[in-house]
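Reader: Could you walk me through how to read pockets and helix packing in a model? I'd like to follow along with the structure in view.

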Amino acid sequence: GALKNLRAEASGYSFDRLAARAGETWNKELSVIEANGTDDQLAMLYTSLYHTMINPCVYTDVDGQYRGLDHNIHKADDFTNYTVFSVWDPYRALHPLFNIINRRVNTDIARSMLKHCEQSVHKALPIWSHMANENWCMIGYHSVSVLADAVAKGLPLDKEEVLKAMVSSSTIPYLDGTGEYMEKGYVALDHNGSAASLTLEYAYDDWTIYHTALLAGNRSVADTYKKRAANYTNVFDTNMGYARPRYADGRWKENFNLLNTHGEGFIEGNALNYSFYVPQDVDNMIRLMGGREKVLADLTDMFEKTPGDYLWNDYYNHANEPVHHVPFLFNRLGMPSLTQKWTRDICRNAYHDKVTGLVGNEDVGQMSAWYMFNCAGFYPVAPSSNIYNIGSPCVEALSIRMSNGKEIKMTTENWSEENVYIKELYVNGKKYDKSYLTYEDVQAGITLHFVMSGKPNYKRAVSADARPASLSSPGKTMFYQISDSK
């Protein structure tokens with residue numbers, strides 16, 4: 001297979017011609033975005049776009065053969081097989097970005113994940129898939145989120161096949177506390193050191209399965225997973241207003257420390273970080289944490305105590321993914337100006353063309369995908385929903401050519417490093433008073449014109465109707481196309 005690849009891809013070419021062809025290929029791929037900004041911003045933007053296109057990577061010979069998870073040789077007849085699925089990281093922004101700018105690749109990635117599940121002795125979707133191996137690194141069964149977002153965004157996948165793989169992956173009783181999670185509604189700390197993190201992340205994953213079941217017309221599965229999606233409530237100590245692990249007998253963890261990152265039931269984060277991880281139901285999270293005023297104060301305190309360079313810390317730790325959606329929670333609290341302030345601050349200080357210009361591991365494209373969304377001024381807080389939260393555009397102007405041939409065109413007025421606040425926003429030429437966009441808006445082709453200011457506009461996008469929906473929001477939906485039909 002390697003010899004066939006060599007002959008097909010390099011035979012008859014000189015080194016210089018191969019190098020030139022590689023440059024032509026990259027220029028074509030990177031031309032999906034055109035932007036105006038400073039040299040530093042453009043360096044970050046195009047470097048970030050480049051980073052998002054390195055992995056996941058092709059793992060198929062030119063004749064379609066590849067080594068599967070079962071270590072047998074398989075043939076990919078109608079798709080290109082991919083590998084390097086660090087799913088805990090890139091489900092948040094990388095794969096949602098692909099659903100806008102590279103749908104063909106994400107379709108092949110989804111099909112590769114389904115083949116992984118088929119070849120798995122556990123019948124499990126990827127956790128951290130690397131070549132023909134499952135590394136079992138990090139937590140959750142977040143491939144379900146990747147697949148759910150792909151289905152919700154209309155990628156050509158068989159909904160019933162996807163749902164079957166999701167249910168299989170989420171019901172393996174010996175997988176990282178899943179059996180106990182299904183029995184008790186939470187993972188107990190006496191049995192797993194990542195217990196609270198697991199419970200919170202499983203609940204989000206179950207919400208994405210709920211959405212896919214609705215789209216597949218399977219009400220029985222939808223009802224089951226809607227209930228499971230509420231399991232996050234079982235690890236919220238409402239007396240202290242934060243997520244907290246509990247033991248198998250129901251007791252809360254003793255001698256609990258909100259900021260410790262080790263031995264407290266959380267992985268790669270602490271209780272402060274993880275308490276805000278309920279992207280599927282922000283409204284109820286706010287209630288469990290003590291109400292709007294308390295959560296607003298807690299969030300504000302969290303950002304104000306964060307070091308200005310955003311390097312590793314116990315508060316807003318951008319170097320690790322569980323907090324990547326957190327700056328956008330101010331939108332739901334009716335304070336979009338604070339989302340605008342802090343997203344721009346992160347872009348300016350955590351992403352720049354210096355040695356410390358990436359505060360953490362690239363994490364297979366997630367860090368860069370976060371930056372790219374924020375350059376455009378919006379971000380997918382809860383992948384598989386139809387909602388993008390509006391932030392503050394990190395470059396002066398940007399156009400994105402989507403896979404469907406349509407365009408996202410973002411322009412600004414009075415943009416500067418100091419003017420981080422949105423005075424007015426015009427969507428397709430009309431004044432827009434919401435703190436979110438929908439997928440319907442974006443995929444049809446959209447023009448965004450931000451009028452920026454150095455002062456917050458406390459009247460814009462603050463009403464209840466202007467805020468993004470949540471699972472428990474009355475009369476609102478987070479979903480794109482719900483259908484009772486198969």
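Predicted model: local features only at pLDDT ≥ 70, side-chain atom pairs only at ≥ 80, totals over all residues.

Reader: Which element gives the most to the lining of the largest pocket?

Author: Rolling a probe the size of a water molecule over the atoms shows where empty space is left. Here, the largest pocket has a volume of about 510 Å³. Two or more lining residues come from each of α2 (15-30), β2 (57-58) and α5 (103-119), and α2 gives the most, with six residues.

Reader: How many residues of that lining are nonpolar, polar and charged?

Author: The lining of the largest pocket has 12 nonpolar, five polar and three charged residues.

Reader: And what lines the second largest pocket?

Author: That pocket holds about 210 Å³ of space. Among its lining residues are Lys28, Glu29, Val32, Met53, Arg401 and Ser403. At least two lining residues come from α2, and at least two from α5. By type, the lining divides into five nonpolar, two polar and four charged residues.

Reader: Now the packing: at what angle do the axes of α2 and α3 cross?

Author: The axes of α2 and helix α3 (residues 39-52) come within 10 Å and cross at roughly 105°. Angles of 65 to 115 degrees count as roughly perpendicular, so α2 and α3 are roughly perpendicular to each other. Trp26, Glu29 and Leu30 of α2 make the contact with Tyr46, Leu49 and Tyr50 of α3. Five of these contact residues are nonpolar, none is polar and one is charged.

Conventions. Residues numbered from 1 in each chain as written. Heavy atoms only, no water. 1 Å grid on protein atoms, 1.4 Å probe; cavity = no way out; pocket = protein on both sides within 12 Å on 5 of 7 lines; lining within 4 Å. Points joined across faces, edges and corners; volume = space filled by probe spheres on them. Helix = DSSP H or I, 4+ residues; strand = E, 2+ residues; numbered from the N terminus. Nonpolar A, V, L, I, M, F, W, Y, C, P; charged D, E, K, R; others polar. Axes fitted to C-alpha atoms, helices over the stretch in contact; angles between N-to-C directions. Parallel < 35°, antiparallel > 145°, perpendicular 65-115°, else oblique. Contact = heavy atoms within 4.5 Å.
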